[in-house]
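Here is a short tour of one protein chain, written for someone who likes cut-offs stated plainly. Have the viewer ready, and let's start with the charged side chains.

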Amino acid sequence: MPQTRTRNFCIIAHIDHGKTTLSDRLLEFTGTIQKREAQDQLLDAMDLERERGITIKAHPIAMNYTAKDGVTYKLNLMDTPGHVDFAYEVSRSLAACEGALLIVDAAQGVEAQTVANVHLAMKQGLTLIPVINKIDLPNSDLPSVKRQLEEILAIPADEALLASAKAGIGIEEILEAVVARIPHPKGHPTHKMRALVFDSTFDTYRGVVVYVRVVDGSIKAGDPVKLMATNGSYEVKEVGLFKPQQPKFFAQPMLNAGDVGYVIANIKTTSEVKVGDTLTNGRTPAEQPLPGFQVVQPMVFSGIYPINTADFEHLKMAMGKLQLNDSSFVFQAESSVALGFGFRCGFLGLLHMEIIQERLRREYDMDIIATYPSVIYEIEKTNGEVLYVDNPEFMPDPSVIFEIREPIVKCFIMVPNEYISPLMQLIMDKRGMLDHTETLDARRVMLTTILPLNEILVDFNDKIKSITRGYGSMDYEHAGHRADKLVKLDILVNGEPVDAFSSIVHRDKAEARGRILAAKLKEVIPTQLYQVAIQAAIGGKVVARENVSAMRKNVTAKCYGGDISRKRKLLEKQKEGKKRMKAIGRVNIPQEAFIEVLKAN
Ligand code: GTP
């Protein structure tokens with residue numbers, strides 16, 4: 001099909017505004033899938049995504065649409081991840097398109113991620129088609145949403161289409177607008193081949209599948225190819241388009257300029273394939289790669305350890321498999337005095353971290369302990385040397401530290417007026433500063449704040465949601481480093497520091513956190529044969545202490561009478577419980593303790 005009949009577009013929206021539902025309606029309307037198949041939101045394929053209602057990976061789909069002008073067009077739809085953790089994936093998916101449907105919920109209006117995504121799309125020069133979705137909702141407020149489009153995003157309100165993805169209203173109008181308003185790709189079919197890599201996955205039968213947008217030239221099976229950023233050379237085995245159902249891959253003789261599709265070559269691991277890289281022909285390589293390549297750096301780090309040390313190899317294999325599909329997840333072996341052998345892992349953000357941990361538990365049945373998440377600190381020593389530390393364990397002695405600098409973010413928070421003051425309290429608690437305030441409309445403001453990344457890692461978004469009864473939303477971008485009074489807080493159990501419990505915290509908060517942790521651990525560490533002291537310390541100075549008093553635990557004591565089978569069950573249960581304990585010196589610490597420490601804030 002000629003480029004003039006191709007449209008590459010994506011859907012951008014704030015979380016839950018209906019992106020996935022609308023994508024399914026488009027697939028149904030174009031006959032790409034049958035109604036029955038659409039029931040379960042086809043595009044969100046992973047269980048976890050479905051459960052959390054968030055889209056994690058971009059899934060491109062090709063559909064044919066015969067428009068009212070009688071011409072059949074090929075529409076390539078990319079579903080982009082909506083979460084801030086995956087902003088780079090969003091921007092690469094956008095770079096593969098000429099236009100975007102901008103979905104805004106008719107009741108919620110424009111939110112923080114709507115603004116962030118619109119900025120990304122405008123930077124890429126995409127044509128935006130605003131779609132006000134969920135017009136079936138009784139509390140939808142069209143005049144106000146239209147005003148927000150104009151005032152906040154500078155998008156003319158009369159361009160907006162009205163739709164209900166749920167009720168199937170406005171779907172054909174959207175498809176017509178895609179054909180009429182979004183420009184066709186304008187690559188050079190005869191130039192040297194260049195294709196933008198915007199994702200990759202690992203398929204058990206096919207190996208690495210690279211998702212590309214061909215910009216210039218064409219690519220077919222048998223071609224030698226080269227990845228320009230990594231310099232890897234390969235031979236193409238197959239090229240094709242994406243289909244929503246299994247088998248997802250639909251082989252084609254060739255992909256041409258303007259096409260969005262996949263390339264299978266003899267690539268061994270997805271870590272060789274960087275999102276944003278340019279694929280070119282190995283025999284006649286392009287001189288210049290496509291613009292905008294950036295190596296994604298993990299921002300959040302945490303140790304992951306098997307509960308049972310014998311599971312180390314199994315865990316390594318499981319992580320390797322996860323990495324195959326997610327090259328932004330990185331890990332390397334490390335050891336901890338408290339936890340034994342495990343891995344230091346890097347993630348794009350907190351949601352990414354939770355997803356990986358959850359998948360290890362669910363898909364690989366791994367019993368794991370994860371340590372408190374950390375950011376990367378820039379530590380300047382008194383001798384001028386600068387260290388990058390993502391694990392409190394490697395923090396040098398305070399006496400040789402000149403300054404510790406932590407990553408900070410510029411965080412945009414949209415909030416209804418009545419919640420400004422409790423929200424400001426939260427920002428202060430998190431060591432943040434208000435940069436400026438913008439009035440969005442009669443009801444809402446946007447606060448631009450500067451916060452330490454470390455402070456928003458664990459529960460910031462949840463807190464915003466609970467303070468604003470769900471009406472507030474946030475987004476952030478990285479804003480460099482800033483020096484502050486940071487210290488390492490150690491937790492000692494019977495005098496021995498438990499490295500997995502230590503964290504880097506602000507000096508002013510350290511004591512309070514030490515007390516909370518000691519009290520939490522007192523609750524969850526079971527009584528042992530002797531007294532156990534739990535202490536929190538900063539640089540050798542104890543700031544909090546709790547004791548777990550000694551007691552002999554006899555689990556069978558409850559079973560007076562001779563119920564042998566019940567006794568045996570209890571003993572077995574106790575044995576099982578022991579397996580889930582980690583011995584720190586002579587003290588057994590249950591898995592639960594590690595989890596409680598993570599939650600303590
Ligand atoms: P993320 O993938 O998390 O970014 O969410 P999403 O934007 O893909 O939203 P999704 O399609 O999962 O929809 C979120 C919720 O809104 C679901 O419960 C949908 O059933 C509901 N929803 C979507 N479209 C409509 C609509 O037109 N009307 C109504 N009433 N509900 C809708």
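## A charged network

Glu406, Arg431, Glu455, Asp484 and Lys509 are joined in a network of salt bridges (a salt bridge being a side-chain nitrogen of Lys or Arg within 4 Å of a carboxyl oxygen of Asp or Glu). Side chains of opposite charge can pair when their charged atoms come close. By this rule the count comes to 25 salt bridges.

Before going on, a word on the ground rules: this is a predicted model, where local features need pLDDT of at least 70, side-chain atom pairs count only at pLDDT 80 or more, and totals for chains, interfaces and linings use all residues. Residues are numbered from 1 along each chain as its sequence is written, and side-chain values use heavy atoms, with hydrogens and water left out.

## The chain at a glance

The secondary structure comes to 15 helices and 32 strands (DSSP runs numbered from the N terminus, with helices being H or I of at least four residues and strands E of at least two). Of the 601 residues in the chain, 54% count as buried (buried means under 20% relative accessible area, exposed over 50%, and partly exposed in between, with a 1.4 Å probe and protein chains only).

Glu238 and Arg206 meet through their side chains in a salt bridge, at 3.0 Å from N to O. This pair links distant parts of the chain, with Glu238 in strand β11 (residues 233-242) and Arg206 in the loop between β7 (194-203) and β8 (207-216), 32 residues apart. Glu238 is partly exposed at 23% relative accessibility, and Arg206 is also partly exposed, at 30%.

Glu546 pairs with Lys522 in a salt bridge of 4.0 Å, N to O. Glu546 belongs to strand β30 (residues 541-548) and Lys522 to helix α13 (residues 507-524), so the pair ties together parts that are 24 residues apart in sequence. Both ends count as partly exposed: Glu546 has a relative accessible area of 24%, and Lys522 comes in at 39%. In the salt bridge between Glu385 and Lys381, the closest N and O atoms are 3.4 Å apart. Here Glu385 is partly exposed at 38%, whereas Lys381 counts as buried at 18%.

## Nonpolar cores

In soluble globular proteins, nonpolar side chains tend to be buried together. The largest nonpolar core has 46 residues, and those with the most contacts inside it are Ile304, Leu360 and Phe460 (a core is a set of buried Ala, Val, Leu, Ile, Met, Phe, Trp, Tyr and Cys residues joined through side-chain atoms within 4.5 Å). Strand β22 (residues 401-416) gives the most to this core, with six residues. Domain 3 (301-371) and domain 4 (377-484) both contribute residues, so the core lies between them (domain bounds come from an automatic or database domain assignment).

Beyond its neighbours within four places in sequence, Ile304 is in contact with residues including Leu315, Met319, Phe343, Leu360 and Ile369. A second, separate core of 38 residues includes Leu94, Val104, Ala112 and Ala160.

Ile219 sits in strand β9 (residues 218-220) and is buried, with a relative accessible area of 1%. Val239 is 20 residues away along the chain, yet the two C-alpha atoms are separated by 7.6 Å. Leaving aside neighbours within four places in sequence, Ile219 touches Val239 and others, among them Met193, Val214, Met254 and Leu279.

Thr468 is found in the loop between α12 (460-467) and β25 (473-484), and counts as buried at 0% relative accessibility. Thr468 and Leu423 are 45 residues apart in sequence and 8.0 Å apart in space, C-alpha to C-alpha. With neighbours within four places set aside, Thr468 is in contact with Val415, Tyr419 and Leu423. Gln535, in strand β29 (residues 532-538), is buried at 15%. Not counting residues up to four places away, Gln535 touches residues including Asp490, Leu492, Val542 and Arg545.

Notes:
Contact means heavy atoms within 4.5 Å.
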